[in-house]
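Here is a short briefing for a first look. Please view the sequence and the structure, then read on.

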Number of protein chains: 2
Amino acid sequence: MGRAQDTESASVSEFGIEMLPRRSALADEVHEAVKELLMDQRIAPGSRMSIDGLARELGVSPTPVREALARLESAELVVKEPLRGYRAAPLLTREQLDDLYRFRLLIEPWAAARAAERITSDGAARLRAEVDSCDMPDENSYAAYKELTAHDDRFHVLIAELAGSAQVRSAFERTHCHLHIFRLYFDRVIGTKTLEEHGAIAESIASGDPGAAELAMRTHLEVASQQRLRPLYDS
Amino acid sequence: MGRAQDTESASVSEFGIEMLPRRSALADEVHEAVKELLMDQRIAPGSRMSIDGLARELGVSPTPVREALARLESAELVVKEPLRGYRAAPLLTREQLDDLYRFRLLIEPWAAARAAERITSDGAARLRAEVDSCDMPDENSYAAYKELTAHDDRFHVLIAELAGSAQVRSAFERTHCHLHIFRLYFDRVIGTKTLEEHGAIAESIASGDPGAAELAMRTHLEVASQQRLRPLYDS
DNA sequence: GAGAAATGGATCCTATAGGAAAGTTCGTAT
DNA sequence: ATACGAACTTTCCTATAGGATCCATTTCTC
């Protein structure tokens with residue numbers, strides 16, 4: 001039971017490089033690949049997704065595809081019609097988008113305030129690093145927009161993590177809000193203003209001011225939902 | 001590409017009744033069966049769950065078991081160790097239980113207030129029906145306790161539903177709080193006091209008083225976490 | 001010509017078989 | 001007696017085959 005013998009075991013972690021050769025990558029890789037396909041709308045919202053077809057296209061057997069689809073169905077990214085196959089989840093309606101931001105307004109300002117209360121020097125450093133990691137690219141390419149979305153996602157997840165509540169973090173992650181928003185608005189939405197607001201939120205948290213952090217986050221979400229996202233819905 | 005023709009889904013919701021007779025029961029049945037096994041601790045927390053073993057025990061092939069396990073892993077009820085199999089999720093630590101109730105205190109009082117704002121005669125009737133459906137059984141059997149847990153779950157889900165936010169409802173359901181609490185405390189926890197509090201919450205919502213509903217829900221959760229659940233942790 | 005029934009194709013669902021990796025056990029050398 | 005090494009067993013992971021169901025097209029009848 002107790003393996004206390006010191007047998008060097010230097011060959012395992014000789015290099016810090018992750019040497020995981022291929023640990024059950026397939027099902028997880030399929031999961032990520034399909035999620036990417038959904039995000040890029042290479043699979044149109046509402047369209048059918050054939051298990052066999054996906055398996056052929058990805059070059060794997062249907063079994064891992066089935067497993068990945070089951071997980072995506074659990075995350076409400078695909079819908080299962082029991083004897084008729086899977087379909088990509090439709091785009092969010094305007095009511096659902098409002099509901100999503102109402103939920104974010106419920107948990108994220110709270111998370112920002114708690115993060116400010118619990119802030120450490122390490123946490124502040126991580127926050128500033130994330131803010132600085134994303135310099136506004138002048139090119140308005142698809143890839144740049146996608147990278148900005150990924151940064152926005154990491155930023156909000158990091159705040160939920162710094163709030164010290166795994167439940168809040170999980171609840172936020174399970175909304176998959178960035179995926180839904182990205183699917184809704186193919187064109188550029190996140191821009192300089194968003195990055196400036198991120199900086200303000202980060203500084204409020206880093207300075208340990210819960211009230212300012214909560215307000216900054218609330219303002220950020222309200223601006224995003226009412227000024228940036230909703231107008232695009234009607235166009 | 002352009003799927004402009006969508007003449008379907010017109011006769012789907014003609015009747016609100018779900019007309020799904022028995023569609024693809026197996027994978028879903030396995031999912032429910034394993035969840036039940038987890039809840040009753042017939043599978044001990046942290047113990048290994050063999051795909052093949054479960055398949056033999058349930059009399060099905062490993063494929064639907066694999067699918068069910070993938071969904072349960074997505075719900076964080078089991079953990080997957082990539083080339084070593086699945087394990088039942090361990091019991092909640094005291095910190096995790098505190099975190100769970102902190103999250104419930106964040107969303108459920110809000111949901112109670114919104115439910116009170118939006119209450120209709122139909123909603124009030126459903127609320128009262130749920131409260132009245134569960135008369136306190138004098139017998140302290142395992143089955144009776146389980147029924148009380150199920151009632152408590154339905155009651156809180158109903159309030160989240162009446163709040164009109166699918167996000168909040170999903171977030172609540174995905175905590176699987178009743179399953180975790182049931183696994184933690186095999187002995188009786190829910191009793192007469194809980195049912196009385198449910199009645200007070202229901203009346204506050206039914207009478208359309210958001211402030212009273214929010215306070216009643218907050219009190220209910222605080223009493224449950226600090227007076228009923230936490231003391232049992234140390235014993 | 002229009003509607004309904006039957007047939008063909010495609011898809012999903014379940015079961016079984018084979019290959020690979022990890023854990024375990026036993027034997028042997030020090 | 002202990003530690004190391006090799007073979008075995010168990011388990012998971014992937015692939016393929018067969019049975020059942022649903023959708024679409026065609027054909028027959030009124």
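By what turn and what shift along the axis can chain B be laid on chain A? A turn of 180 degrees and a shift of 0.0 Å do it, with an RMSD of 0.0 Å. That is the relation of a two-fold axis. The superposition is by least squares on the C-alpha atoms of residues with pLDDT of at least 70 in both copies.

This is a predicted model: local features need pLDDT of at least 70, side-chain atom pairs count only at pLDDT 80 or more, and totals for chains, interfaces and linings use all residues. Residues are numbered from 1 along each chain as its sequence is written, chains are lettered from A and ligands numbered from 1 in the order in which they are written, and side-chain values use heavy atoms, with hydrogens and water left out.

**Chain contacts**
- Of the interface residues of chain B, 94% are also interface residues in chain A, so the copies meet through the same surface. Contact means heavy atoms within 4.5 Å.

**DNA strand D**
- The protein has 17 residues around DNA strand D, counting a residue as near if one of its heavy atoms lies within 4 Å.
- A:Leu26, A:Ser61, B:Ser50, B:Ile51 and B:Pro82 come nearest.
- Sugar and phosphate make up 79% of the DNA strand D atoms that come within 4 Å of the protein.
- A backbone N or O atom of A:Ser61 lies 2.4 Å from a phosphate oxygen of DNA strand D.

**Salt bridges**
- The count over all chains is 40 salt bridges, each a side-chain nitrogen of Lys or Arg within 4 Å of a carboxyl oxygen of Asp or Glu.
- B:Asp40 and B:Lys146 form one of them, at 3.1 Å from N to O.
- This pair links distant parts of the chain, 106 residues apart: B:Asp40 is in the loop between helix 1 (25-39) and strand 1 (48-49), B:Lys146 in helix 6 (residues 142-162).
- B:Asp40 counts as buried, at 18% relative accessibility. Buried means under 20% relative accessible area, exposed over 50%, partly exposed in between (1.4 Å probe, protein chains only).
- B:Arg114 and B:Glu117 meet at 2.9 Å, N to O. B:Glu117 is partly exposed, at 48%.
- A:Arg126, A:Glu161, A:Arg169 and A:Glu173 are linked in a network of salt bridges.

Technical notes
A polar contact is a pair of N or O atoms within 3.5 Å; within protein, one must be able to donate a hydrogen and the other to accept it, and residues adjacent in sequence count only if both atoms are side-chain atoms. Helices (H or I, at least four residues) and strands (E, at least two) are DSSP runs, numbered from the N terminus.
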